[in-house]
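Please keep the sequence and the structure in view while reading.

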Amino acid sequence: TQSTWGHSECLFFFAERGAARPAKSHKMAFFIITLALMLSVVVHAAEPDTLRTGPEIIRSKGYTCEEHAITTEDGYILMVWRIPSRGSRPVLLQHGVMDTGDTWVLNSRTESLAFILADRGYDVWIGNNRGSRYSLGHRTLKTSSEAYWAFTMDEMARYDIVGMVQYIRSVTSKAKIDYIGHSQGTYQMFANLASNHSIAASIDHYIAMAPVVYLKHCSSPLLDALSHTDSDEILNFFDHKAFLPETSFSQWLLPSFCEENPTLCGDVLYIMLGYDNATLNVTRWPVYLGHYPAGTSTLDICHWAQAIRTGTFQMYDFGVLKNLLKYGQPTPPRYDLTSIRGVKIALLSGGNDEVGDPADVAQLLALLPKELVVHHQQWANAAHIDFVWSPTAFRTFYPVLLNVLKS
């Protein structure tokens, strides 16, 4: 039965690999930590960016921020932000799993990629996937319904990316845009390019940071544990709806607690993302945890778990009967990377990435048409989240990225 403590217990629910139910010690640990939070936190986080929205952060750094609402073909309403430079080259930044567009602006204006691109004259657009904090709207469905949450990375690839790219082209009158994805943001683009090819002609450069397509070797503690748990159990535990949505616990209590207990918050980040302590700015942890996690569908997380279990790049597996109804075949269709055409692709990866493991990136690289890959670089010590949150990214990864865009 579901704990009375609700969704936040998931960190402990899946703490032991393959465990179908949380260990008593984990329940007790969760109870003690939650109680301590409730008793000790009485003030807001000292860093104002912790509680600011993405647009508020952008404006606080002196930039103009436009907020655009885009309705996808299947009715989801997505928020996309723009740091405008009219007439300049558009570039779309797309975040990873359980993240939002906030991820591109959480460090200083000299360290955050969105600001670095804006300062160099790019017309910067920042996307927010369906089901995340900023994109919870729909023409007809309510977030309280299971139907709203019936999506995975497949729909993000088929509808979200397409809607954003078409909208940006329409507003800017540009034939092509550049696309930079992180984590799940790379999966979405690869899935689209390898299936219906609907936006290939609209993309000039595609830069995939910490790319995830194949996940067989993923060792991120949370995702790895979920991959050893039956999908039906995961769906039932979260009522077939949201997975780790933003709550008062995540946005207010946890960041404040981080200021006094950074080691514990480092553990929380490690469970969710996997990272190297030495590469992140510890003083910014309250900011990061004030914005992450920001939710996705439980079905999307189940898709991740399937990808880890099967080691394949394919659509969501609903089971034989539902597959026949949805796909017209008993197994889910696979995405064909060898069919991608017409896009210049750069891969920036990390040797210490526990989500996008180097072995899985190598498999991706081997299947991409060689004439499309204009650059691949791997940093031996880089972890998954370093590409967006590391305070040194501006002098390690981003100069390479900027050179690719200029090529």
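## Enclosed cavities

The second largest cavity holds about 40 Å³ of space, where a cavity is a set of points on a 1 Å grid over the protein atoms alone at which a 1.4 Å probe fits but cannot get out, and where a volume is the space filled by probe spheres set on points joined across faces, edges and corners. Its lining, meaning residues with an atom within 4 Å of a point, includes His95, Asp99, Arg130, Met156 and Gln184. By class this lining has two nonpolar, seven polar and two charged residues, with Ala, Val, Leu, Ile, Met, Phe, Trp, Tyr, Cys and Pro counted as nonpolar, Asp, Glu, Lys and Arg as charged, and the others, Gly among them, as polar.

Of the 14 residues that line the largest cavity, Val97, Ser183, Leu273, Tyr292 and His384 lie nearest its centre, and the lining divides into nine nonpolar, four polar and one charged residues.

## Basis of the model

The model is predicted, so local features need pLDDT of at least 70 and side-chain atom pairs count only at pLDDT 80 or more, while totals for chains, interfaces and linings use all residues. Residues are numbered from 1 along each chain as its sequence is written, and side-chain values use heavy atoms, with hydrogens and water left out.

## Overall fold and buried interior

The protein has 17 helices and 11 strands, taken as DSSP runs numbered from the N terminus (H or I, at least four residues, for helices; E, at least two, for strands). Of its 407 residues, 58% are buried, that is, under 20% relative accessible area, with exposed meaning over 50% and partly exposed in between (1.4 Å probe, protein chains only). Helix α6, residues 184-193, is largely enclosed by the rest of the structure, because 10 of its 10 residues are buried; among them are Gln184, Tyr187 and Phe190.

## Leu117 and Leu402

Apart from residues up to four places away in sequence, Leu117 touches Val91, Leu93, Tyr122, Val124, Ile180, Leu401, Leu402 and Leu405, contact meaning heavy atoms within 4.5 Å. Leu402, in helix α17 (residues 398-406), is buried with a relative accessible area of 12%. Beyond its neighbours within four places, Leu402 is in contact with Ile116, Leu117, Arg120 and Tyr122; the C-alpha atoms of Leu402 and Ile116 are separated by 9.5 Å although these residues are 286 apart along the chain.

## Open pockets

A pocket is an open set of grid points with protein on both sides within 12 Å along at least five of seven lines. The largest has about 410 Å³ of space, and among its 18 lining residues Leu235, Leu299, Tyr316, Phe318 and Lys322 lie nearest the centre. Helix α12 gives the most to this lining, with four residues.

The second largest pocket has a volume of about 260 Å³, and of its 14 lining residues Asp154, Glu155, Arg158, Met315 and Tyr327 are the closest to its centre. Helix α5 gives the most to this lining, with five residues.
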